[in-house]
Amino acid sequence: MKHQETAQEIIKAVGGTNNINSVYHCVTRLRFDLKSNDKVDNGSLKKLDMVMGTNISGDQFQVIIGNDVAKVFDAMVKEHPAIQQSTENKEPKSDKKQNVVLNIFETIAGVFAPMLPAITAAGMLKGLLALFVSVGWMSAGTDTYRILSAIGDGVFHYLPLLIAVSAARKFGSNPFVAIALGTALMYPDMGALLSSGESVAFLGIPVTAVSYASSVIPILLAVWLMSYVEKWVDRVIPAALKLLLVPLITLLVMVPVTLIAIGPLGTFVGSGLSGGINWLLNEGGLIAGIVLGGAMALIIMTGMHYALVPIILSNIATLGFDKFLPLTFISNMGQAGATLGVFFRAKDKKLKTVALSTSFTALMGVTEPAMYGVNMKYKKPFAAAMIGSAVGGGFALAFGAKAYVLAGNGGLPGLPSLIGQTFWYSFGGMILAFVVGTIMSTIFGIKEEEGDAEALAKFSPGASTAPAAVASKGTTTTMNVDVDNMGTPTPTSNAIASAPMTGRAIPLREVNDPTFGDELMGKGVAFVPTLGELVSPVSGTVMNVFKTKHAIVVRSDNGMELLIHVGINTVKLRGQYFEAHVTSGTRVQAGDLLLTFELDQIAKEYDITTAMVVTNTADYQEIEPVQLGDIKMGQDVLKANM
């Protein structure tokens with residue numbers, strides 16, 4: 001589809017020009033300030049070949065385009081110049097109040113998402129150990145069992161340390177200072193002091209006895225406050241003394257404050273929240289299961305489930321089980337069953353194929369294709385899924401179904417998390433949700449519309465859109481950059497890129513932004529910089545320096561094309577704190593200075609994580625980091641093999 005046609009379709013899908021306060025673009029996406037996000041037709045947007053996805057950040061609605069975003073934007077404002085937000089001005093102000101609850105959900109999600117691989121791995125191991133013991137394959141008293149158990153239990157016991165690292169990255173503070181804060185709280189002598197039963201005081205101020213092992217809320221609140229303390233101390237300490245005094249003063253302030261105030265407050269809040277929800281799950285029984293099971297899909301859609309992650313983890317770590325998790329399995333089975341009902345009722349062969357394949361993926365715990373691609377599109381199947389989930393949830397909670405570990409998958413592969421005394425009640429609820437969802441969806445039927453099957457084909461496993469090959473996380477995205485008519489790269493050999501900055505190299509998937517973290521722009525590596533300088537990672541040509549100076553594209557002499565994006569959402573700074581030292585078309589050697597930026601100023605408001613992606617990923621068979629961890633600019637960091 002041409003850029004002009006795409007632009008018009010996007011305007012129509014976001015509610016028309018009357019719903020647009022303003023729009024501007026960054027490196028990959030259109031950023032709309034809309035009068036009402038409720039008027040957006042996400043289904044129509046997802047049908048567009050050039051649209052790779054959508055995202056809501058605060059009140060801002062974002063349409064992810066990729067490298068063609070500038071062309072779509074230009075076509076959009078050419079026809080409707082009044083909607084353009086000048087890139088020379090500051091972030092557009094909206095009359096809408098900031099959604100505090102949404103911000104809390106987003107923050108919690110941003111903290112816990114990077115931790116999930118470790119947590120789910122430990123959870124799966126605990127589930128498998130429970131299975132092995134129950135069938136007699138292993139004895140709980142053996143050395144092997146104890147060692148494997150330590151792998152599973154250790155993560156949950158030292159959960160505050162994992163949270164400290166992730167929260168520090170989210171709030172823009174030093175993760176190692178955050179770990180030091182966490183280790184002080186969990187130091188064995190500190191635990192012995194607080195659990196001694198005698199009164200404890202710091203400089204005459206009473207310290208409340210709190211156990212920090214396996215806790216969630218106290219360290220989360222502590223690191224959040226620490227981020228402000230650290231930044232304030234950093235501003236007032238002379239540069240020559242920052243390395244010594246900033247972390248020292250931060251710890252001397254935060255450890256006592258946490259022990260005296262934040263720890264008890266966090267424990268009280270956490271206990272209150274978990275107590276209230278657990279009371280509902282324990283005492284509500286059948287009614288709670290029906291209500292929560294039926295509403296689970298809506299809870300997930302709105303992001304409210306992120307707020308429950310700390311409670312779930314706390315329950316598993318302290319009680320050994322959680323009653324909310326089985327409902328997520330049951331909800332997924334309801335979605336799978338409803339989509340299977342569409343398969344039975346659909347007449348169009350392509351729609352039947354899509355419905356059957358997405359039903360299978362939902363059974364495997366991946367519900368987005370079924371939920372958004374089929375059930376919500378036809379509405380009645382979505383209602384059928386909710387009914388099935390309500391029936392299954394009511395059955396499960398009526399018999400006290402529990403999950404015993406966090407497996408990280410709400411489908412059949414995650415069943416080990418349910419293994420325990422109540423397994424068959426959870427499994428029975430899943431079966432009921434699937435069967436009832438299938439039956440109700442078959443009874444309700446659907447109204448097939450011309451062209452629906454073709455539009456839905458992009459949701460089926462392995463499907464791709466043209467001209468950009470858009471795939472799910474873990475696969476590549478093909479986007480040929482054509483900036484200022486400089487042509488498309490033609491890779492000629494294997495390539496190596498060096499680190500463009502000094503700091504810490506991390507996997508790209510840990511970037512807290514779906515465009516980069518889900519590899520929509522291509523594979524690569526990310527950095528947490530400690531110095532506000534960006535140098536060229538290759539010898540080649542600068543293809544583009546963005547007007548806001550927060551991103552740059554460089555093409556190497558052997559055809560590897562690299563997009564380097566400094567920080568997350570830093571386009572909102574409109575170039576403030578950035579200075580470009582090259583222009584489009586400049587020849588550079590590896591190590592030549594490209595950008596400088598005021599790291600401390602940017603980090604006060606934004607995540608400074610910098611992504612470096614190979615935008616012509618599809619031209620290579622393999623792209624992977626050479627090394628991760630502490631790194632200096634100029635060291636080899638990324639290799640691409642033909």
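**A walk through the chain**

Author: Start with Thr183, which counts as partly exposed at 37% relative accessibility. Keep in mind that this is a predicted model.

Reader: Where is Thr183 found?

Author: Thr183 is in helix H8. Thr183 and Leu161 are 22 residues apart in sequence, and their C-alpha atoms are 7.1 Å apart in space.

Reader: Which helix does H8 cross, and at what angle?

Author: H8, residues 175–186, crosses H10, residues 217–236, at roughly 135 degrees, and their axes come within 10 Å. That makes H8 oblique to H10. Angles over 145 degrees would count as roughly antiparallel. The crossing of H8 past H10 is right-handed.

Reader: Which residues meet there?

Author: From H8 there are Val177, Ala178, Leu181, Gly182 and Leu185, and from H10 there are Ile219, Ala222, Val223, Met226 and Glu230. Eight residues of this contact between H8 and H10 are nonpolar, one is polar and one is charged.

Reader: Zooming out, how many helices and strands does the chain have?

Author: The chain has 20 helices and 20 strands. Of its 642 residues, 52% are buried. Among contacts in the chain with a separation of 6 or more, 74% are between residues 24 or more positions apart.

Reader: Which residues have the most contacts inside the largest nonpolar core?

Author: Phe527, Met560, Met612, Val637 and Leu638 do, in a core of 52 residues. Another core, of 35 residues, lies apart from it, and includes Leu185, Leu194, Ile237 and Val246.

Reader: New topic: helix H3. Which residues of H3 are buried?

Author: H3 runs over residues 69–79, and its buried residues are Val69, Val72, Phe73, Ala75, Met76 and Val77. These buried residues of H3 pack against helix H1 (3–13), strand E1 (20–25) and strand E2 (29–34).

Reader: At what angle do H1 and H3 pack?

Author: The angle is about 70 degrees, with the axes of H1 and H3 8 Å apart. H1 and H3 are therefore roughly perpendicular to each other, because angles from 65 to 115 degrees count that way. H1 passes H3 in a right-handed crossing.

Reader: Which residues make the contact?

Author: H1 supplies His3, Gln4, Thr6, Ala7, Gln8, Ile10 and Ile11, while H3 supplies Lys71, Val72, Ala75, Met76 and Glu79. In the contact of H1 with H3, six residues are nonpolar, four are polar and two are charged.

Reader: Now the loops. Is Leu203 buried or exposed?

Author: Leu203 is exposed, with a relative accessible area of 77%. Leu203 sits in the loop between strand E5 (200–202) and strand E6 (205–207). Leu203 and Pro256 are 53 residues apart in sequence and 9.6 Å apart in space, C-alpha to C-alpha.

Reader: What about the loop between E13 and E14? Where is Asn569?

Author: Asn569 is in that loop, between strand E13 (561–565) and strand E14 (578–580). Asn569 is not a glycine, but has a positive phi of about 65 degrees. Arg574, also not a glycine, has a positive phi near 55 degrees, and Arg574 is likewise in the loop between E13 and E14.

Reader: Why do Asn569 and Arg574 count as buried?

Author: The cut-off is under 20% relative accessible area. Asn569 is buried because its relative accessible area is 15%, and Arg574 counts as buried at 10% relative accessibility.

How values were computed: Residues numbered from 1 in each chain as written. Predicted model: local features only at pLDDT ≥ 70, side-chain atom pairs only at ≥ 80, totals over all residues. Heavy atoms only, no water. Core = buried A, V, L, I, M, F, W, Y, C linked by side-chain atoms within 4.5 Å. Buried < 20%, exposed > 50% of the residue type's maximum accessible area, 1.4 Å probe, protein only. Axes fitted to C-alpha atoms, helices over the stretch in contact; angles between N-to-C directions. Helix = DSSP H or I, 4+ residues; strand = E, 2+ residues; numbered from the N terminus. Parallel < 35°, antiparallel > 145°, perpendicular 65-115°, else oblique. Left-handed = near helix turned anticlockwise from the far one by under 90°. Contact = heavy atoms within 4.5 Å. Nonpolar A, V, L, I, M, F, W, Y, C, P; charged D, E, K, R; others polar.
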